[in-house]
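Biologist: I am new to this structure. Could you show me how to read its features, one at a time?

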Amino acid sequence: MSASLAPECNDVKERYDTCFLKWYSEKYLRNTATTDECEPLFRQYKTCLTKALKERGIDQMLEDAKADNKDNDAEYMKPSGR
């Protein structure tokens with residue numbers, strides 16, 4: 001499994017990845033999943049990563065990139081009308 005973008009989040013990412021891979025292969029693919037039991041770990045990882053991105057100023061860079069590409073997204077995300 002790959003490391004997190006933020007090293008301080010590696011532990012929770014590893015736990016989430018392990019949980020997800022097990023859930024996906026043992027439950028989702030066998031159509032026996034009723035809930036995403038790994039969601040609490042995902043939320044922990046997302047919280048950790050969001051904090052790390054904010055501390056590094058990367059969150060603002062992402063927002064700026066989204067704003068810069070808003071027109072492109074609107075154009076290319078239109079239904080094709082086929």
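Biologist: Is Cys48 buried, partly exposed or exposed?

Modeller: Keep in mind that this is a predicted model. Buried means under 20% relative accessible area, and exposed means over 50%. Cys48 has 22% relative accessibility, so Cys48 counts as partly exposed.

Biologist: Which residue does Cys48 form a disulfide with?

Modeller: Look for two cysteine sulfur atoms within 2.5 Å. Cys48 pairs with Cys9, and their sulfur atoms are 2.0 Å apart. The link has -95° about the S-S bond, which makes it left-handed. This pair links distant parts of the chain. Cys9 sits in the segment before H1, while Cys48 belongs to helix H2, residues 39-55. They are 39 residues apart.

Biologist: Is Cys9 buried or exposed?

Modeller: Cys9 is at 0% relative accessibility, so Cys9 counts as buried.

Biologist: What pattern do the disulfides of the chain follow?

Modeller: Count the bonded cysteines along the chain. The pattern is 1-4, 2-3.

Biologist: Now a charged residue. Is Lys13 buried or exposed?

Modeller: Apply the cut-off again: buried means under 20%. Lys13 has a relative accessible area of 11%, so Lys13 is buried. Its place is in helix H1.

Biologist: Which residues is Lys13 in contact with, leaving aside its neighbours within four places in sequence?

Modeller: Contact means heavy atoms within 4.5 Å. With those neighbours left aside, Lys13 is in contact with Ser2, Ala3, Ser4 and Tyr45.

Biologist: Let us turn to the surface. Which residues form a nonpolar patch there?

Modeller: Tyr24, Tyr28 and Leu29 do. Together they have about 320 Å² of accessible area.

Biologist: Where is the place of Tyr24?

Modeller: Tyr24 is in helix H1, residues 10-28. Tyr24 is at 34% relative accessibility, so Tyr24 counts as partly exposed. Lys13, in helix H1, is buried.

How values were computed: Residues numbered from 1 in each chain as written. Predicted model: local features only at pLDDT ≥ 70, side-chain atom pairs only at ≥ 80, totals over all residues. Heavy atoms only, no water. Patch = residues over 30% accessible without salt bridge, like charges linked within 9 Å, V, L, I, M, F, W, Y side chains within 5 Å. Areas by Shrake-Rupley, 256 points an atom, 1.4 Å probe, with all protein chains shown as cover. Salt bridge = Lys/Arg side-chain N within 4 Å of Asp/Glu carboxyl O. Helix = DSSP H or I, 4+ residues; strand = E, 2+ residues; numbered from the N terminus. Buried < 20%, exposed > 50% of the residue type's maximum accessible area, 1.4 Å probe, protein only.
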